[in-house]
Amino acid sequence: MNPKTILLVEDNPSDIALTQRAFGKSRIANELVVAEDGQEALDYLFARGKYTGRDESHLPVLVLLDLKLPQVNGLEVLRQMRLDPRTSRLPVVVLTTSKEEQDVAQSYDLGANSYIRKPVDFTKFAEAIEHLGLYWLVLNEPTPSRKRTGYTSSLTDPGTTAPKRS
Amino acid sequence: MRDQNKTMHQPRHNYPRLLGLVLPKEGDNLTKWRGLIFSAIFAVSAVFGLFSLIPNLKIAVENQQWSSVSIYLFLYTIWVIILFVHRIPFKVRVWAGVSTYYLSGLVALVMVGPVGSGRIYLIAAGLVISLMLGLKSGLIMLGWNIGTLILIGWLMNNGIVTWMHLTNYTIDNWITSIGSFFLLSIVTTIPPAVLVRQFELKLLEEQRLIERMKTAGILLDQEIEEHKKAEEELKGSKMFLDNISDIAYTADDQGNLTWANSASERITGLSLESTIGKPFLPLFIEDDHQSLIDIYTRTLMGESLENTLTFISGITCHFTSLPNRDSKGEITGTFGVARDITERLAMERALQVSENRLKEAQAVARIGNWEYDISTGKVWGSEEAFRLYGIERKSEYLPLDEVEAQIIEAKRVNQALVDLVTLGKEYNIEYQITQKNSKKSITLHALAELVKDDEGNPIKVVGIIQNITERVQAEEALQESRNLYQKMNENSPLGMHFYQLDDNDQLVFVGHNPAADKLLGVDNSQFVGKTIGEAFPQLLQTEVPRRYRDAAAKGIPWSTEQIAYEDGKIMGASEVRAFQTTPENMVTIFADITERVQAQAEIHKLNAELEERIVQRTAQLEASNKELESFSYSVSHDLRSPLRGINGWSLALLEDYGSQLDEQAKTYLGRVRSETQRMGQLIDALLQLSRLTRDEMSIKVVDLSAIAATISTHLQKEEPQRQVEFVIEPGLDVNGDPHLLEIALTNLLGNAFKFTVKTPQARIQFGQTELAGQTVFFVRDNGAGFDMAHSKKLFGAFQRMHKTSDFPGTGIGLTTVQRVLQRHGGRIWAEAAVDKGATFYFTLEEIS
């Protein structure tokens with residue numbers, strides 16, 4: 001099992017399939033874990049619910065988060081992630097169809113690392129996924145593991161530990 | 001003056017006397033010597049006459065000839081009188097003496113005969129006359145005496161007269177007698193006369209000598225004495241002059257004051273020492289110098305003049321100046337007197353002032369006075385009287401024909417005067433005149449009274465006239481306003497009640513107008529004379545009586561509205577205003593405002609309903625806005641996802657199963673994909689449009705030129721193969737929302753860029769111009785243009801002018817632009833023609 005997993009939070013099966021297809025086409029080999037709603041995403045990250053017993057120290061290297069989700073929406077997922085020291089520094093790329101300003105602004109306010117709008121044209125979408133994988137999985141230096149550093153102060157100020165990148 | 005005094009006071013009888021004789025003194029004149037001789041002759045006559053008188057008297061008394069006695073006594077008395085009574089003028093005495101001698105001689109000759117004392121008397125008469133009156137008189141007397149003797153001889157010879165005592169009368173011895181008398185007379189008369197003449201000449205010569213000595217300044221002792229006396233007298237007169245209040249003065253012919261009395265010190269305010277001997281001109285104010293010099297010069301020429309001069313002390317004097325002459329009559333200077341007339345002048349001035357005041361007062365009051373003299377029929381008029389008639393005052397009397405011509409009712413005015421004079425009827429009339437020169441019509445009020453003499457006969461009429469035009473006009477205006485007021489009261493739709501405060505401080509109803517009856521539905525005349533409480537008892541419990549009293553007594557106005565409700569409905573309403581008209585009087589004005597109040601109530605109700613409706617609508621609007629927002633949100637998310645799916649899976653089909661599809665199928669799949677892309681663009685455009693309406697605007701200064709330049713750069717980068725010329729006017733700053741304006745310009749310039757794609761030499765202009773006095777911006781291209789017939793559709797959503805295959809587009813762009821400009825208070829319109837380009841004009845309201 002490739003240790004570098006990517007968590008895709010997406011409820012639309014068509015979009016899941018298209019995203020998987022795009023990853024496949026761009027030859028990104030990382031395992032793509034899919035959570036179909038917000039609650040499932042949080043359960044996965046914190047090894048709760050149906051993921052109880054999962055090795056919670058094994059966190060994905062990147063979270064691709066859709067905003068419009070059933071039950072717990074994307075922004076709420078992001079907020080809870082940033083509140084928890086375990087996931088507060090985890091790179092989160094919002095991948096959604098909305099271009100609403102309030103969505104973009106709120107995402108960044110809650111500590112999203114990037115915001116990408118899914119183009120209608122699949123070719124462009126595939127390009128975006130390829131760039132995204134290249135950037136976050138290859139070029140970007142991953143955040144140090146919290147356990148190793150023992151760094152705890154991020155609870156009070158999650159924004160400083162999650163540098164905004166656009 | 002001195003000379004004059006001397007001659008005036010020269011003593012006449014200061015000669016030494018001896019036994020009644022006046023003895024001559026040295027330097028005496030001929031008259032005195034004659035007097036002396038005369039006195040001597042009569043003294044001799046008196047003494048020697050006594051010797052001849054006594055025997056003659058004795059004989060006459062013895063013979064009882066009483067006539068002779070009386071003649072002797074008479075003659076002797078005359079001699080004594082002539083001798084001693086010096087008061088009788090010299091010539092009278094001389095003629096009296098001569099006459100007595102002559103008459104004595106005549107009587108003696110007639111009575112005694114040609115020889116004897118008679119001839120002696122005649123000779124004496126001749127002697128006296130020649131001594132006293134001179135040689136010529138002596139010769140005349142001699143001739144007269146001879147004639148007398150011849151006459152007597154002729155009378156005797158003819159027997160008319162006879163000598164009583166003469167017996168031997170003949171012509172011969174009479175002629176002899178006359179001859180001897182003639183010789184004797186010559187001997188006795190001529191020498192004394194010649195002597196006297198010589199002496200006279202001598203005396204005259206001596207007098208001339210004395211006169212010459214005088215002029216040479218040598219005064220004889222006597223003169224000095226006389227001079228002293230004269231000076232004393234002069235002192236006396238100076239004392240007199242010093243004690244009078246008028247100035248007396250003398251001046252020389254060089255303009256210097258030589259003497260002045262003490263009054264001058266008081267009047268000039270300067271001591272005599274400082275003024276005498278010095279020029280007198282500086283004593284007077286400069287204004288008078290010229291006239292003083294004139295008067296002084298003329299006085300020195302011999303004129304006697306009067307004039308008025310003012311001293312520098314401020315005192316004005318009336319001067320009488322005369323030339324001062326010396327004894328030879330030559331003018332040596334001037335003298336005169338001056339009287340202080342300051343007070344008199346002040347009084348005159350005061351009188352003038354008060355006269356002027358009277359005139360002014362008359363002019364101000366426009367009162368003229370006049371006097372009709374019944375005896376002469378003339379009418380005297382004051383200045384104001386003339387002015388009132390507009391007649392120039394050429395004389396004091398009013399030109400009656402002119403006056404009458406001006407009076408409109410001359411007959412009535414005349415009759416009033418006649419009635420006053422003849423019947424004593426009161427004269428108090430008003431009449432109109434038309435002033436001849438100004439054509440102005442004025443009204444005069446005239447009052448007059450009859451003045452009678454002590455016997456009760458009318459002598460004159462005194463009267464006044466006053467211009468009362470303004471008063472009459474004011475009265476007319478007042479009457480007009482009264483009429484107007486009354487008519488307004490009668491015709492006013494507003495009810496009125498009039499009240500008056502009576503002596504007990506009670507408001508009493510005094511009147512009303514017709515509208516009051518109509519509005520209240522009662523006959524208000526029943527209230528007249530009643531107090532407010534009696535008339536309207538229902539008001540006693542309200543504040544109304546107190547408010548009304550405040551209005552009447554203190555002038556505090558009050559207004560109120562009274563509304564009667566029944567079951568919540570307005571049954572009636574009235575508006576009442578109370579205010580003071582004159583002190584102690586007030587009026588209340590009331591109107592039926594039921595309809596108005598009802599209407600207002602209705603409006604209030606409607607307003608309340610409307611507000612409620614607005615609240616509801618606003619809530620609905622807010623709800624629908626929220627819905628729209630969530631709708632947009634859904635559209636943004638949910639409509640795009642399936643599109644992407646369709647697009648993605650179409651591509652997947654092509655990629656994965658492309659080998660199994662023919663070309664036709666592949667083309668169809670390509671179309672599916674492009675349609676999804678277009679749908680995505682449409683959704684994006686719609687979202688933008690909806691956001692434009694919702695987002696808050698932030699107004700700043702925006703440089704449209706810079707924005708346009710950036711957009712043009714982007715456009716050219718997108719299609720670098722195209723050659724498009726952009727002409728952008730620099731420095732176009734406006735106030736607005738930068739983001740929205742950028743969207744608008746992007747659409748406009750993007751359109752221009754798009755529609756010039758087929759134009760070989762594309763040119764796109766952005767700038768500013770004036771249209772109908774308004775500043776407008778424009779974006780102009782030389783591209784495809786469009787048919788103006790469809791310009792109405794231009795700004796509607798999804799309306800397109802061109803085929804998508806020619807020029808692709810969403811049909812939302814211009815709608816977006818219009819929305820942006822509308823939000824800025826501006827508008828947009830276009831001018832275009834097919835294949836000739838299009839120009840889009842737009843305006844922005846000045847937002848600060």
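Mentor: Because the model is predicted, local features need pLDDT of at least 70 and side-chain atom pairs count only at pLDDT 80 or more, while totals for chains, interfaces and linings use all residues. Residues are numbered from 1 along each chain as its sequence is written, chains are lettered from A, and side-chain values use heavy atoms, without hydrogens and water.

Trainee: Why is Arg640(B) called buried?

Mentor: Its relative accessible area is 3%, and buried means under 20% (1.4 Å probe, protein chains only); therefore Arg640(B) counts as buried.

Trainee: What makes the approach of Arg640(B) to Asp684(B) a polar contact?

Mentor: The two side chains meet at 2.9 Å. The term requires a pair of N or O atoms within 3.5 Å, and within protein one must be able to donate a hydrogen and the other to accept it; residues adjacent in sequence count only if both atoms are side-chain atoms. The Arg640(B) side chain also reaches the backbone oxygen of Lys118(A) at 3.2 Å.

Trainee: Which residues are in contact with Arg640(B), leaving aside its neighbours within four places in sequence?

Mentor: With contact meaning heavy atoms within 4.5 Å, they include Thr97(A), Pro119(A), Val635(B) and Ile683(B).

Trainee: How many charged residues does the lining of the largest cavity have?

Mentor: The lining has no charged residues, but 15 nonpolar and seven polar ones. Asp, Glu, Lys and Arg count as charged; Ala, Val, Leu, Ile, Met, Phe, Trp, Tyr, Cys and Pro as nonpolar; the others, Gly among them, as polar. Tyr249(B) and Phe280(B) are among the residues nearest the centre of this cavity.

Definitions and conventions
1 Å grid on protein atoms, 1.4 Å probe; cavity = no way out; pocket = protein on both sides within 12 Å on 5 of 7 lines; lining within 4 Å. Buried < 20%, exposed > 50% of the residue type's maximum accessible area, 1.4 Å probe, protein only.
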